[in-house]
Amino acid sequence: MRSFVQTADAVAATAKKTEKSRLIVELFRSLPVPDAALAARFLSAQAFPRHDERTLGVGGAQLTRLIAELAGKSGENLWSDYRKHGDLGDMAEELLRESRKQGDLPLNEVARLFADLAAARAQVQKSERLVRAFARASAGDIKYIVKLITGDLRIGAKESLVEEAIAATYERPLAEVRRANMLTGDIGEVLTLAAENKLASAAVRLFHPLGFMLAAPVDTADELFDAALKEAETPALLVEEKYDGIRAQVHKSRDGKVKVFSRTLDEVVEFPELDQPLAALPGELILDGEILAWRGARPLPFTELQKRLGRKRVDMWMQHDLPVKFVAFDLLFQDGALLLDEPLTQRKIRLDKIFVGAADALRTTIPTECRSAQEVAQAFRKSLAAGHEGIVAKVAGSPYAPGRRGGFWFKLKEPFATLDVVITAVEYGHGRRHKVLSDYTFAVRNGDNLLNIGKAYSGLTDAEILEYTEYFLQHTIEDQGYRRIVEPNIVLEVAFNNIQKSSRHESGYALRFPRIVRLRADKPVSEIDTIATVAILFARQTQ
Ligand code: AMP
């Protein structure tokens, strides 16, 4: 680990991308290929290959306890040490720097440690494995092991930078490296293939999820059409209803095995009733689409589908009461052929053929072809009128670009209602924001009382957050350490995706994906929105 730790520290210390890349290239060149492959994976903040579904199952509290024991601070409250860094790995290094100068854990032992942690069921076993590994590790080793366990290195190196470094180290075209990474889902394997000059042999593998293509948000039909014009020679757009369910990538083998992956590339197991209809589709397939709760002729809002998420065993009642459908909108792979570079229109033709005669639980989107901003606006209004949250417009001749946002797909959504709320409590943030009060709990009004309804993390500028941190420190009613109850003076306008019933907040509701639109210095607390307004918005949305 020693050279990995040195490199990672040096990468963190420079803001220049070219310098970061040069440091990583130097590391790759200095290591034998199997070690360089592990370094590539770890620099991408992955304990396992991306396609691998194992998880470590080690929590922050458990790590904190182990670090405290190692540092001889067992039982002490490390909250202030943590707050100094906002990162458990950095905290570990600081606490252990003096006592752990020696030690150097080989990279392959760190990989073995992760495999053991994933395999161990009981927390005591996991702790034992960590203690044994830490005994032979330096403070720097422990720092990065902890960071890998918590999932973020915070050295300003993304997987894309590691791809660039692999291309530079072995003098291969970056596009080939990226393609191999997308297909294999294993940056370590990509490094090995690049070193052996075998990138071309990377192939798509059924049941290893590919990255999802993403849509860029736009605010108006005009903006949407202009953005599409920039990318496409012929301004034809396939406009589809924007469904409000969960994105799903379906893999199906010739012999009828089916797996469904979510946008986070995890397996989706909550909808077993889709397996059989999907298994009956012809040939080998990778499909992209959306799973939706459905009643009669219409899809239901996400809040309904959500009732089925997280349930591993679905009882018959649930299946009956909340039936779901899979709506396919793209085809990435068919009978051994990768179709990403075929134009969308061609992929759609294939897709429609596959779905002829498919079960009732399966369908495809029916796009409207639009050739002007007016046509897009019309399709948008039609989609809203049919009860959808908006449209997704796709350039007709475009390839499928996994993991990329923007360029060929655009989403236009109904502008949601906003609420004027007041901040009632604040918390220190995480990562870059660990020294400022950046997480705001906010409330609506019920007569003279305030009822919390949500918590927002983003929307203000760094300067504003800093200014309000000062303010809140001076207007604290109760200091709870990581959290402060503050005087309810600061009014915000917040936007959100929808409202849910929830016992998390005293209002009985929670806003989904709340974000701060602006500060409303012009509005007194007595005029913020009320719980009655929330109830009306909630009712409207479930109608
Ligand atoms: P958002 O979640 O608001 O960022 O919007 C992007 C998501 O919309 C995608 O990830 C899909 O899950 C979903 N979506 C709904 N309908 C479609 C569609 N027709 N084409 C592509 N994505 C869609």
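This is a predicted model: local features need pLDDT of at least 70, side-chain atom pairs count only at pLDDT 80 or more; totals for chains, interfaces and linings use all residues.
1. Residues are numbered from 1 along each chain as its sequence is written, and side-chain values use heavy atoms, with hydrogens and water left out.

2. The ligand has 13 residues around it, the closest being Glu240, Arg263, Glu290, Lys411 and Lys413 (a residue counts if one of its heavy atoms lies within 4 Å).

3. Which strands supply at least two residues each of that shell? They are E2 (237-241), E11 (390-395) and E12 (405-413), with E12 giving the largest share, 3 residues. Strands here are DSSP runs of at least two residues, and helices (H or I) of at least four, numbered from the N terminus.

4. Now the polar contacts (pairs of N or O atoms within 3.5 Å). Arg263 puts a polar side-chain atom 2.8 Å from a ligand oxygen. On the nitrogen side, a polar side-chain atom of Lys394 lies 2.8 Å from a ligand nitrogen, and a backbone N or O atom of Tyr243 sits 2.9 Å from a ligand nitrogen. The protein covers 87% of the 500 Å² of accessible area that the ligand has on its own (Shrake-Rupley, 1.4 Å probe).

5. Asp219, Asp222, Glu223 and Asp226 form a negative surface patch. Patch residues have over 30% relative accessible area and no salt bridge, with like charges joined within 9 Å; a salt bridge is a Lys or Arg side-chain nitrogen within 4 Å of an Asp or Glu carboxyl oxygen. Asp222 belongs to helix H13 (residues 221-231).

Conventions: Patches are made of residues with over 30% relative accessible area and no salt bridge: like charges are joined within 9 Å, nonpolar side chains (Val, Leu, Ile, Met, Phe, Trp, Tyr) within 5 Å. Lys and Arg count as positive and Asp and Glu as negative; His and the chain ends are not counted. The place of a charge is taken as NZ of Lys, CZ of Arg, CG of Asp or CD of Glu. A polar contact is a pair of N or O atoms within 3.5 Å; within protein, one must be able to donate a hydrogen and the other to accept it, and residues adjacent in sequence count only if both atoms are side-chain atoms.
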